[in-house]
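Have a look at it first, and then we'll walk through it topic by topic.

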Amino acid sequence: MSETIGIWVAAIFTIGIYSFLYKENPLYRLSEHLVVGISTGFGIAVTFTQVLKPKLIEPIAAGEHGAWLLLIPAILGLLYITRFFPSVAWLSRYPMAFLMGAGMGIGFPLSMKASVLRQLEASLVPIYEAGMPWDVVVGNVVMVLGTLAALIYFFFSKPHKGPFFGTGSKIGIWVIMVGFGATFGFTVMGRISLLIGRIQFLLGDWLHIIK
Amino acid sequence: MLKRVPAMLFALLLATGFAWAQAEDPPPAADSEETLSAEESEIAIDAAVFPGDGMIAPSNIVVSDWPNDAGDALLVTFDPGSETENDSFIGYTIYRRIQGTEEFQKVGLTELNEGTSFVDGYDPDFVVEPGVQYEYMVAATYLSGAEVSSEVTVAQEVASGQLYHSGKTRVLLGCIIFLGLILFYFYAAQRGVEMYLRPIAGIEAIDEAIGRATEMGKPILYVPGLSTISDVATIASITILGRVAKKVAEYGTPLLVPNRDPIVYTIAEETVKQGYMEAGRPDAFDKDSVFFLTQSQFAFVAGVNGIMMREKPATNFYLGMFWAESLILAETGSLSGAIQIAGTDAVTQLPFFITTCDYTLIGEELYAASAYLGREPKQLGSIKGQDACKGIIMAIITLGLLLSLTDLIAGTETLNWLKNIVTMPVVD
Amino acid sequence: MSIWEKMLNLDRRWIFLLIGIACVVPFFTPLGLPILPSQEVVSIYDYMENLTTDNAIFVGFDFDPGTAAENMPMGVAVLRHAFARHIPVFITAYGPLGQGMAAMALDEITDEESDDYYVYVNWEDWASIREQGITDRAGIEEAWIAAGNTLSENAHGWVFEGRDVAFLGYLPYFHLVILGMSSSIASQYPTDIGGTPLEEMPMYQEHKSLRDIDLAVTTAGSSACVAWITYGREKIGLPVAFGVTAVMATDYYIYIQSGQIIGQMGGLRGAAEYETLLLRDGYTKSPGKAFVGMDVQSIAHLLIIFLVVLGNIAFFAGGFNKKTKLKGRR
Amino acid sequence: MKRSVPLAIVMVGGILFMIQYFIPHQHSQTLFDYYTEWAPIVGAFALVLGVGSLTRLHSHKIKRKAKNWQYSYAVLIPLFGIPFFALIMPQSLGGGMMESMGGDRLTQGVFDFAYMNIQVPIQATMFSLLAFYIASAAFRAFRAKSALATVLLFAAIVVMLGQVPIGELIGKWFPKVGLWILRYPNLGAKRAIGLGVGFGVLATQLKIIFGVERNWLGGAGE
């Protein structure tokens, strides 16, 4: 029973949002507001039961050894609230600074490794090896030259003139556009997929017209 | 001098890298062979269930400290006995005890295909403590549960934590070179060295677009992205917003800045106010021009679309981090007839901005634009430093291409040499 | 007003209607066009084929309801594959909403009305077998059948909670959770979401940390999947496979080429390819949701290409590229 | 106190953890463990900011009876109601925990219902609106305005046809060419953009650590 009611509620909201395509209306506004409230409410509930309770409140309540140290992050976290009181709002910079500083420090070597060195490593491909089909060979050349040319395009300290920087950056932007074309094509598929998902719900789960 | 620094650092990189490539490889991980074969794991049930007499036990246990760890692992290697010929052999059980205690703990069972080495300390139930002297015993184990044990061996080494991770040297080197170049250009910039930055189409268009809005007497819409302040794109966008605000204040054009993130909102408000002050017109700042709309992504878009349809801004700026909403914003904007300037490092959204907007700052161009407009020497220096790093990367890739051609013509393997220099181990 | 201008000023609701029709009609007259699996998907599938009940995998439901249409079929397909081959699966979620998504996926797989369902055996229901000390997969099934349980015709098999699957759910700061699991899974998840202690589960006893895991499949609608690379692959060499939305797919080809991931399912197409492979090898009897959706994709893509071409023809034929811009209309 | 201390915290923390990466020693590990333990706790309180702004915005709306003020209840009620229900029925937090895992939907309570039948469909449908907008934009906004935009659109069309089964019926080569574009030129472009953005991110991290970039300090008074 509750499942049937649930499907009907879901169907009403689904149609309510699609009605926005015709015209903005109260049902759409209601959905829009509900989604903000529910997702934030959910976030609080989960954060409380999964973080604050097991990682802060329970250890302190149980008097675990060294648990009092947890008061430091707790107090730091509480300082966020000062943001709502202009005279002491500057205190909210402390928790931000804690998370920012450590986060940036941890991130720095990791980004260096993952987004620079690993990518450099992967750019060093042999353009031809025995038995490679021709499209792969051409592909490898295009890939390596494409990376180079696109990097020239993102080179800011030289004017884009002359045979190297001029031609290079021109090829670069063309390669970039081909790459964007690919993204574009894939995105179309992605967006349609989302619609398909809803149609499957409406026609299948709700109306049982399709399987 | 300035120009030679990247080249010198590059030479340094190559030289150090070369030294590494010559150095010995780190010890292979015990579980590096992950191949799974059906034949291997299949156990012949009919075979003898008991190992029988006269079996030779595993011997020669060697325990060494596992490198590059927090002193929580030991490598145990040993020589196999005669069990490998027996079909009912299933693996080696590793026993460990603290020296001076009686009881052995069973800390692991190797699989058939894992060979005769074992890393002790990975099992969270049997932790290896740094500095503790252990004793080990290895037993060949059979399907029936019978075991043929080696002699008890006192571990030759105790586990200890290292002060430097030798597998991360390439990362360290990368970090040092990057840090060095950025700092170098910071100081060069502060000393007042003139730095050239190539013009970026979108930037020049910004001034033009502000001018056009002024002529038409219509407002300017500036969306600083939908992300938080820890996003690099948002930070860049806020800097550009400061410049736009100053220009707008000089011309007396109305400005609209809707926000999605509450913190970004407070920062944007302060930035715009600052821009008006710099232009010498703090009184002209309208408190309602910067506002918090809503945190819901689609509600935000619906709100901004409403503004575009009602206020008909002459110029729309979308600079910062955008997600799926980019398309909806840009489509509506293009229909309202505004000049649109977009910029983001969200690669997936760029195609939509490029096909619908008049100017688009692609990826890093957004950061460069912020430095360009901010005109703060350190920011310019940072762009220069990044360029130098890109130069190094380009040089290495070019070298790779040339070596690959050489290999093709001469049949050598020079590319592998270069690859060995830059390749990092899969696992830290 | 020229005909071109009239055309371009067409009320956009007509276009909405067109796309709506294009996406509904194929459901009633399926085309059933074949899908050729790409190398990126085949490599995940083959990797899974090489795993046995002695291995274990992670499946991360790292997406929100917003992209469920794309990510859900991927998660479901991989779970089906694992359940069919009795590969133990740990299920996690990067975001709070992902946990609900994982639950929905399990619901779909255990739905008795579908052609290909699995019977979920709760932890308590096979307690007596555990008490006898039987922990291996074959032994459990044998004892379970001996206890008088039978499979209905449509069911593919049993899924024993704690032996075949452990639903771990969501924890915040998930990248740190991945890091923590590299030394011990139970240190991060002392229990599954139903409150069953991990320590008691046979599958945990055999696979205590991420080092004992042979594959992590992350189905993601955001950059969450990269966390598995940074903290799983790079730290302890965990093999990772991606199931990502089409929008992100093109960005992650660099990871395939650099060897950081085994393979990638990109969007609905990727999911449909995996479903095709499952169908080919008899793991399922009927095509999945993604496969059916690909017919719709075909029609919708043709329509959109047609609209782009038509729009540009009108734009240039009408000479709007030289004039000032059109006035907007709803 | 107001600016220099936070800047100092960022600098010390940043440099400390940058170095920590290279030191596997147990003391360094302990430091890192402290961070992994503390960061979620500090971060959890950041939610207060979102809740606070939402509450303030919507209670103001209700008080002033601003336009559409009634809808503000639709935000506030679940915002506080869901955590309340979760507190009294923590087991329902499974987030649509399946029936097969014990218990039926009714006993799972309000929370589950709101998640499965309101949150999920609304969010999924909102996103699916994009399918309509992309079609509309295809007709009205995606213009081959320049040579570059033409290349983009052309590549897009080839990839689109390569992705769908019908493309293969139109031309056998579509899937092949589509995949080729994805694997090579696309990869080259994405790698270059990724490297550029990567350096930008690295530089920004450094600038924040060394206090050159101070935008994030803004908006909290003088």
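**The sheet in chain C**

Chain C holds an open sheet of six parallel-paired strands, in the order β5-β2-β1-β6-β7-β8. The edges are taken by β5 (165–170) and β8 (264–266) of chain C, each with a single partner strand, so each has one side left without a neighbour in the sheet. On average, neighbouring strands of this sheet are turned by 15° against each other, direction ignored.

Some ground rules: this is a predicted model, where local features need pLDDT of at least 70 and side-chain atom pairs count only at pLDDT 80 or more, while totals for chains, interfaces and linings use all residues. Residues are numbered from 1 along each chain as its sequence is written, chains are lettered from A and ligands numbered from 1 in the order in which they are written, and side-chain values use heavy atoms, leaving out hydrogens and water.

**Around the sheet**

- Helices (H or I, at least four residues) and strands (E, at least two) are DSSP runs, numbered from the N terminus.
- β2(C) and β5(C) pair in the parallel sense over five bridges (strands pair if DSSP finds at least two bridges between them).
- C:T92 sits opposite C:G169 in β5(C).
- Helix α5 (residues 96–109) of chain C packs on the sheet and touches β1, β2 and β5 of chain C; its direction makes about 150° with that of β5(C) (axes are lines fitted to C-alpha atoms, for helices over the stretch in contact, with angles from 0 to 180 degrees between N-to-C directions).

**A covered helix**

- In helix α8 (residues 174–181) of chain C, seven of its eight residues are buried (under 20% relative accessible area, with a 1.4 Å probe and protein chains only).
- Among them are C:F174, C:L176 and C:M181.
- The buried residues of α8(C) pack against β1, β2, α9 and α11 of chain C, together with α2 (26–64) of chain D.

**Chain D**

- Chain D has eight helices and zero strands.
- Buried residues make up 64% of its 222 residues.

**Chain B and confidence**

- pLDDT stays under 50 over residues 21–50 of chain B, for which the model has 31 contacts (heavy atoms within 4.5 Å) beyond four places in sequence.

Notes
pLDDT = per-residue confidence, 0-100. Buried < 20%, exposed > 50% of the residue type's maximum accessible area, 1.4 Å probe, protein only.
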